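Let's take a walk through this model together. Keep the 3D view open and follow along one topic at a time.

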Amino acid sequence: MMTSHSLVTVLLQASADRLSPIEGLWRLFEWLLVYVYGAGMNLLSELLGVRMLGYPYMQRAYLAGACIAVIGPLVGTFLVHREMSMLADTLAHTAFAGVAVGLFLNAALSLSLSPLLTAMIVAIGTALLVELLIEYAGAYSDTSLAIVLTTGFALGSVLITATDGGIAVGIDAYLFGSLSTVSKENVGLLVAMSFLIGTLVTVAYRPLLYVTVDATAARAARINVRLYKRLMVVLTALVVVSAMQIMGVILVAAMLVVPVATAGFVAQSFKQSILLAILAAEFAVLSGVTIAYVYGLAAGGSIVLSAAAVYVTVLVVAKADTRWLLRSLPRRTDQSIEHTQQGLEADGGERE
Amino acid sequence: MTAETTNSEPTRERSTVPVVSVDDVSFAYGDLPVIESVSIDIEPGAFLGLVGPNGSGKSTLLNLMLGLEKPDTGTVRLFGEPASEFDAGERIGYVPQNATTAADRMPVTVRELVTMGRYPRRLVGRFSDDDRRAIDNALRAVGISDLTDRRVGQLSGGQRQRVFIARALAAEADLLALDEPTVGVDAESREAFYELLADLNDSGLTILLIEHDIGVVTTYASEIACLNRRLYFDGDPEDFVATDALAAAYGTDQHVLTHDH
């Protein structure tokens with residue numbers, strides 16, 4: 001039984017079938033998903049007596065959520081501290097237009113494009129367009145983002161109604177996300193994106209940080225500010241589109257913003273802020289997915305609500321804590337300083 | 001608090017090539033002329049104070065000097081190379097206007113910010129012992145070694161300015177350019193800050209300072225340039241006080257703020 005599913009068999013079979021590297025990787029991923037991750041979760045399910053951990057679709061949901069909770073804050077930290085949080089929301093809504101474009105082209109020209117691919121293209125295109133507008137028009141404008149966001153969404157809704165059977169593909173699933181329909185392909189995409197985004201951010205961490213903190217000085221230091229700003233918005237598009245199917249177009253931006261804002265209250269350093277944001281996001285995802293399953297609620301909404309709950313809790317604790325700390329600190333009184341000064345002067349006087 | 005610590009390596013080579021050389025430069029934003037036929041050199045080791053009324057083009061001239069903007073006519077050379085093609089970013093330490101207020105909200109520690117000074121030299125890969133030594137020396141030179149793990153936003157205005165100076169020192173820059181660095185800093189810290197700049201200048205660092213407080217510039221700078229679209233004066237601070245360049249540039253009867261030390 002085990003031998004027929006061992007890693008060696010899978011790899012041998014893959015090479016016997018003359019698979020391309022991508023297909024080979026996909027086989028490997030499937031194997032890992034079912035026989036390593038799945039088996040581990042089954043064991044956990046039995047040990048804890050929690051049945052939902054044993055269901056393959058729940059296992060996929062947890063894994064997909066865990067990936068989103070890494071890549072969201074990882075990219076979101078740069079975005080939020082560049083004060084461009086709204087870009088994530090804008091790209092999500094134009095990605096919806098991208099989905100609609102894909103469905104429309106498929107219906108009109110009888111193609112078989114993946115809506116996710118068209119969404120990716122449209123989102124990356126919009127991201128670069130917004131960045132170019134910022135570069136040439138100078139300022140980052142709330143209004144222009146609002147225009148792009150609503151226009152993108154309007155285009156999406158029009159194209160969907162213009163597409164025969166468009167409603168049948170489940171617009172709700174794109175708008176609000178869906179956990180029960182997380183396929184192996186969805187999880188595969190998220191895992192691959194996590195590796196890609198993780199690698200890119202690791203390699204470009206220093207210039208990204210410099211550009212985020214002090215873009216003018218970065219330019220004077222001859223860092224290619226335009227390149228890294230563009231990279232930052234493209235990364236945002238990648239995260240938004242990868243996570244869109246699970247979180248939903250309307251809610252996905254929350255994963256790039258809410259945990260980051262939470263971490264900002266307590267983090268001292270930028271690295272710490274990224275790590276704490278990922279922790280907050282993981283907590284939100286795991287509790288959100290669980291609550292959604294147990295009470296039969298919308299998963300995306302549950303995740304965002306628990307992220308918001310963490311935000312409010314940290315906000316209250318952090319503020320209360322500083323106020324309490326301020327009160328408990330010994331007051332630096334002017335009296336004590338006067339005393340020392342008098343003491344010093346008295347000393348000097350005696351010596352004379 | 002000695003500035004010498006940053007220059008523990010063999011003394012900066014004093015080449016005779018001007019650090020910045022601006023030759024008959026004009027620049028306009030659209031139809032609006034901002035800089036008109038300005039020529040000025042900054043020699044190695046100079047402490048140039050650039051003064052002028054609001055909107056006189058000081059920041060634009062600084063951007064032109066650093067190669068962040070290209071002149072419409074004329075040439076700008078940085079360390080002998082055309083400024084816009086100059087690519088040794090580590091030789092320039094730049095403290096932009098309001099840089100310190102932007103860092104307020106950011107979760108960035110003092111060490112993280114100062115470490116950015118090494119980024120032009122090492123954009124990827126592990127930092128060497130030299131990198132770490134330069135960072136430690138820079139922190140020590142400006143007297144903030146005990147604040148390394150603090151979030152920059154939690155520091156006082158004066159301390160925050162020092163963090164940005166330390167970033168330039170960590171880069172082991174040859175030119176330190178500051179654009180109105182002490183806006184929002186209390187008077188006492190300001191004085192200490194300019195003393196620090198004077199110390200750094202004594203140790204060989206070339207300094208270019210944009211200031212609205214003319215008294216500060218006449219006290220600390222070795223050379224003063226007065227700009228209002230055109231260059232009204234370039235020379236000794238004492239001569240500047242004696243001439244009517246100030247009144248000419250500002251267009252009103254301005255008075256040099258007296259400083260009693």
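**Two crossing helices in chain A**

In this predicted model, helix 3 (residues 56-81) of chain A packs against helix 12 (residues 254-266) of chain A at an angle of about 70°, and their axes are 7 Å apart. Angles of 65 to 115 degrees count as roughly perpendicular, so helix 3 of chain A and helix 12 of chain A are roughly perpendicular to each other.

- On the helix 3 side of chain A, the residues that meet helix 12 include A:I68, A:A69, A:G72, A:P73 and A:V75.
- On the helix 12 side of chain A, look for A:M255, A:L256, A:V257, A:P259, A:V260 and A:A261.
- The contact of helix 3 of chain A with helix 12 of chain A is made up of 12 nonpolar residues, three polar ones and no charged ones.

**The rest of chain A**

- How many helices and strands does chain A have? Chain A has 15 helices and zero strands.
- Chain A has 352 residues, and 41% of them count as buried.
- Take the chain A contacts with a separation of 6 or more: 72% of them are between residues 24 or more positions apart.
- Now pick out A:L43, which sits in helix 2 (residues 21-48) of chain A. Is A:L43 buried or exposed? A residue is exposed if 12 or fewer other C-beta atoms lie within 10 Å of its own; A:L43 has 12 such neighbours, so A:L43 counts as exposed.
- A:L43 and A:L128 are 85 residues apart along the chain, and their C-alpha atoms are separated by 46 Å.

**Chain B as a whole**

- A compact globule of 261 residues would have a radius of gyration near 18 Å, and chain B has 18 Å, so the two agree.
- Along the principal axes, the C-alpha atoms of chain B fill a box of roughly 50 × 40 × 35 Å.
- Buried residues account for 48% of the 261 residues of chain B.
- Of the chain B contacts with a separation of 6 or more, 68% involve residues 24 or more positions apart.

**The four-stranded sheet of chain B**

- Strands of a sheet pair through backbone hydrogen bonds, either parallel or antiparallel.
- In chain B, four strands make an open sheet in the order 2-1-4-5, and the pairing is antiparallel.
- Why do strand 2 (32-42) and strand 5 (81-82) of chain B stand at the edges? Each of them has a single partner strand, so one side of each is left without a neighbour in the sheet.
- Strand 1 and strand 2 of chain B pair in the antiparallel sense over seven bridges, and B:V20 stands opposite B:I42 in strand 2 of chain B.
- The hairpin of strand 1 and strand 2 of chain B has two residues between the strands, and there B:G30 takes a positive phi near 65°.
- Strand 1 (residues 20-29) of chain B also runs antiparallel to strand 4 (residues 73-78) of chain B, with five bridges joining them. Find B:S26 and you'll see B:T73 of strand 4 of chain B opposite.

**The six-stranded sheet of chain B**

- Six strands of chain B form an open sheet in the order 6-7-8-3-9-10, with mixed pairing.
- Strand 6 and strand 10 (230-235) of chain B are the edge strands, and each pairs on one side only.
- On average, neighbouring strands of this sheet are turned by 15° against each other, direction ignored.
- Strand 6 of chain B and strand 7 (residues 175-179) of chain B run parallel, joined by four bridges; B:Y94 stands opposite B:A177 in strand 7 of chain B.
- Helix 5 (residues 157-170) of chain B packs on the sheet and touches strand 6 and strand 7 of chain B, and its direction makes about 165° with that of strand 6 of chain B.
- Helix 1 (residues 58-65) of chain B lies across strand 3 (47-51), strand 7, strand 8 (206-210) and strand 9 (223-228) of chain B, running at about 150° to strand 8 of chain B.

**Where the chains meet**

- Here, 24 residues of chain B are in contact with 20 residues of chain A.
- Which elements of chain B each supply at least two residues of the side that touches chain A? They are strand 6 (92-95), helix 2 (99-102) and helix 3 (110-115) of chain B.
- The side of chain B that touches chain A has 17 nonpolar residues, two polar and five charged.

Methods. Residues numbered from 1 in each chain as written. Chains lettered and ligands numbered in written order. Predicted model: local features only at pLDDT ≥ 70, side-chain atom pairs only at ≥ 80, totals over all residues. Contact = placed C-beta atoms within 7 Å. Nonpolar A, V, L, I, M, F, W, Y, C, P; charged D, E, K, R; others polar. Pairing = 2+ DSSP bridges. Buried ≥ 20, exposed ≤ 12 C-beta atoms within 10 Å, placed from the backbone. Rg over C-alpha atoms; globule rule 2.2 N^0.38 Å. Axes fitted to C-alpha atoms, helices over the stretch in contact; angles between N-to-C directions. Parallel < 35°, antiparallel > 145°, perpendicular 65-115°, else oblique.
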